[in-house]
Amino acid sequence: MAEVNKQDKSNKKDKNSGKELVKKERKETVKKAAANKPAANKPNRIESARTYIRGVMNELKKVHWPNRRETAIYTSVVVVSVVFVGVLIWVFDALLGAVMGVLIK
């Protein structure tokens with residue numbers, strides 16, 4: 001029985017080494033094929049740039065651009081928000097400064 005197990009293990013090793021050899025040969029074949037590719041299949045830089053610019057222009061056509069009124073409203077909301085947060089920070093700074101002044105004395 002022990003001899004049968006040893007033979008099974010050796011058969012498995014032989015099968016695995018054969019698989020590894022096939023994988024290694026495939027990798028080498030793929031590398032050789034990639035190295036032998038003609039340079040004509042590579043994209044031209046100018047064509048790539050043109051394609052990119054066309055894509056950007058198509059996407060910009062889909063953008064919703066705000067009109068003058070919407071822009072004024074959005075700007076005023078941002079300005080009011082910034083002023084509010086600035087005042088809030090100033091108040092907390094003054095309060096904490098007063099508390100720290102009392103604690104340090």
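## A partly exposed glutamate

Glu59 has a relative accessible area of 46%, so it falls in the partly exposed class. This comes from a predicted model, so please read every value here as computed from that model.

Glu59 also has a partner: its side chain joins that of Lys62 in a salt bridge, with 3.4 Å from N to O. Lys62 has a relative accessibility of 63% and is therefore classed as exposed, since the cut-off for that class is over 50%.

## The pair in helix α2

Let's turn to another charged pair. The side chains of Glu47 and Arg50 form a salt bridge at 3.1 Å, N to O. Helix α2 spans residues 45–61, and because Glu47 and Arg50 sit three residues apart in it, about one helical turn separates them.

How accessible are these two residues? Glu47 is partly exposed, at 37% relative accessible area, and Arg50 is partly exposed too, at 46%.

With a limit of 4 Å between the side-chain nitrogen and the carboxyl oxygen, the count of salt bridges is two.

## The chain as a whole

Stepping back, the protein chain has three helices and zero strands. Along the sequence this reads as α-α-α.

What share of the 105 residues counts as buried? The figure is 0%, where buried means under 20% relative accessible area. The protein chain exposes about 10,600 Å², and carbon and sulfur atoms supply 64% of that area.

Definitions and conventions:
Residues numbered from 1 in each chain as written. Predicted model: local features only at pLDDT ≥ 70, side-chain atom pairs only at ≥ 80, totals over all residues. Heavy atoms only, no water. Helix = DSSP H or I, 4+ residues; strand = E, 2+ residues; numbered from the N terminus. Buried < 20%, exposed > 50% of the residue type's maximum accessible area, 1.4 Å probe, protein only. Areas by Shrake-Rupley, 256 points an atom, 1.4 Å probe, with all protein chains shown as cover.
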